[in-house]
Amino acid sequence: MSDPRIGIDIGGSNLRAAVVDATGSISRSVKRAVGGREPEAILADLASMLEELAPPAGSPMGVGFPALLRVPEGIVVNAPNLGWQSVPLRALLEARFGRRVRLVNDLDAITAGEAAMGAARGARHVVCVFVGTGVGMGALVDGRLLEGLHGLATELGHTKIDRSASARLCGCGERGCLEAYVSGRHLPDIVLGCVAAGASTSLIDGPADVARLDAGRIEAAALAKDGVALEVWATVARTLGTAIGNLVTLFNPEVVVLGGGVLEAAPGLRARVAADLRACAARPHLEDLRVVDSVLGDDAGLIGAAMLAS
Ligand SMILES: [Zn+2]
C-alpha cells in the first residue's frame, strides 16, 4: 500500500476509523457507537479502534470533527453535539498516539473525500453543502480547501438570514442563522410555526407526533398534497436555493455536491433545491455547472480526513 494514512470520523453518534492509501482507497475500517462523550472517553475508544486496525507505524492521522474548529491550533472551539468547548483535541491526539494529526471540520473532510473519490472526482472548483441535523459546507478553490484565517471559513449554516429580534434561535446560541430555518433539528419548529398560523395538517395528530417530524415524514406528506408539508418544503427549498445559488455566484464552482440526512430522505425537496439554486445563481455561472448528489456516504469524511493528513 502506498503512503498509508489513518482517517478518523468523530460523529455525534458514531466513531469511524480507516486505513486509507494515497489514492483514497480504504483498505480496512472499523466503526463504533459513541460511548462516553468526554474527550478522555473518545480517546480511549479511538485507541482500541486503532489497535484493531493496526495501521503502519508513523502513518499520519486526519480527523474530521463536526464542530467549529480553530484549525491552525487544532482546537475544538464549540461542539454542541458532544458538549465540548475549547478542547485542544489535536494536542491530545498527538500525545496519545504519537502521530502527526490534522484536525479538520467534518464537511471539509467530506468535500475532500467527494473530490478525491466521489461525486466531484477530479474537479478543482467544488462547493459541497450537506443538510442534516445541521447545515455544513466545504469549498475547494482551485483544488485547495478554503479554510480561512482560523479554519472557520465556509460556515454556511451560521450565516445570518434574519437579523430581527424575533429571529429563530440556532444551536450555536446565536439568532437568525440559516441552519435554524432549514435543518433537521429545526424542522419540528418550522412545521409548528405553520400550524400555529392556523393551517391543518396530517403531520400532527398529537404531541407525540411533534418529536417524529423528520424529513421523511414531511416528504411523504408533501407527496400526499398536505398543505403544511407543501408550504414547509416550498419555504425550505427557496431558502436553501437562495443560499446555495448565491454560493454559485460567489465561487463559480464546476460542481455543487448536495447531501446530508434531510436531502437524502427527501428526494422531492432535493430536486426543488437543485432547481431553485439554478434559478437564483447569476446566469453566466450556470455554464458548465453540475449539481450532483454525494455518493460516498459515511466513507466521504473518512477518505477526506485521511487525504488531508500529511
Ligand atoms: Zn448558528
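Trainee: What makes Ser166 count as exposed or buried?
Mentor: Keep in mind that this is a predicted model, and that the values we discuss are computed from it. The relative accessibility of Ser166 is 66%, and the label exposed is given over 50%, so Ser166 counts as exposed. Ser166 is found in the loop between E11 and H4, and its C-alpha is 8.4 Å from that of Gly176, a residue 10 places away in sequence.

Trainee: Which residues coordinate the zinc ion, and at what distances?
Mentor: The zinc ion is coordinated by His158 through ND1 and by Cys170, Cys172 and Cys177 through SG, at 2.0 to 2.4 Å. An N, O or S atom counts as a donor within 2.8 Å of this metal, so these atoms qualify at their 2.0 to 2.4 Å. Along the sequence the donor residues are spaced H-x11-C-x1-C-x4-C.

Trainee: What makes Lys160 and Glu174 a salt bridge?
Mentor: In general, side chains of opposite charge can pair when their charged atoms come close. The closest N and O atoms of Lys160 and Glu174 are 2.7 Å apart, and the criterion asks for a distance within 4 Å, so the pair is a salt bridge. Both residues lie in the loop between strand E11 (144–145) and helix H4 (179–182), so the pair ties together parts that are 14 residues apart in sequence. Lys160 is partly exposed at 36%, and Glu174 is partly exposed at 43%.

Trainee: Which helices are linked by the salt bridge of Arg96 and Glu40?
Mentor: The side chains of Arg96 and Glu40 meet at 3.5 Å, N to O. Arg96 lies in helix H2 (residues 89–97) and Glu40 in helix H1, so this pair ties together parts that are 56 residues apart in sequence. Arg96 itself is partly exposed, with 40% relative accessibility. The structure holds 11 salt bridges, and another one of them joins Glu179 and Arg185, with the closest N and O atoms 3.2 Å apart. In that pair Glu179 is buried at 6%, whereas Arg185 is partly exposed at 37%.

Trainee: Why is H3 described as roughly perpendicular to H11?
Mentor: Helix H3 (residues 106–117) and helix H11 (residues 299–308) pack at an angle of about 90°, with their axes 6 Å apart. Angles of 65 to 115 degrees count as roughly perpendicular, and this is what makes H3 roughly perpendicular to H11. Among the residues that meet are Ala109, Ile110 and Gly113 in H3 and Gly301, Ile303 and Gly304 in H11.

Trainee: What makes you say that H11 is mostly covered?
Mentor: In H11, 8 of its 10 residues are buried, including Ala300, Leu302, Ala306 and Leu308.

Trainee: How do you know whether Cys128 is buried or exposed, and where is it placed?
Mentor: Cys128 sits in strand E9 (residues 126–131). Its relative accessible area is 0%, and under 20% the word is buried, so Cys128 is buried. Leaving aside neighbours within four places in sequence, Cys128 is in contact with residues including Leu107, Ile110, Met137 and Val257.

Trainee: What stands out about the phi of Asp288?
Mentor: Most residues other than glycine have a negative phi. The phi of Asp288 is near 65°, a positive value in a residue other than glycine. Asp288 is placed in the loop between helix H10 (267–280) and strand E13 (290–293), and its 66% relative accessible area makes it exposed. Ala54 also has a positive phi, near 50°, and is found in the loop between helix H1 (39–53) and strand E4 (61–65).

Conventions. Residues numbered from 1 in each chain as written. Predicted model: local features only at pLDDT ≥ 70, side-chain atom pairs only at ≥ 80, totals over all residues. Heavy atoms only, no water. Donors = N, O, S within 2.8 Å, 3.2 Å for Na, K, Ca; no water. Helix = DSSP H or I, 4+ residues; strand = E, 2+ residues; numbered from the N terminus. Buried < 20%, exposed > 50% of the residue type's maximum accessible area, 1.4 Å probe, protein only. Axes fitted to C-alpha atoms, helices over the stretch in contact; angles between N-to-C directions. Parallel < 35°, antiparallel > 145°, perpendicular 65-115°, else oblique. Contact = heavy atoms within 4.5 Å.
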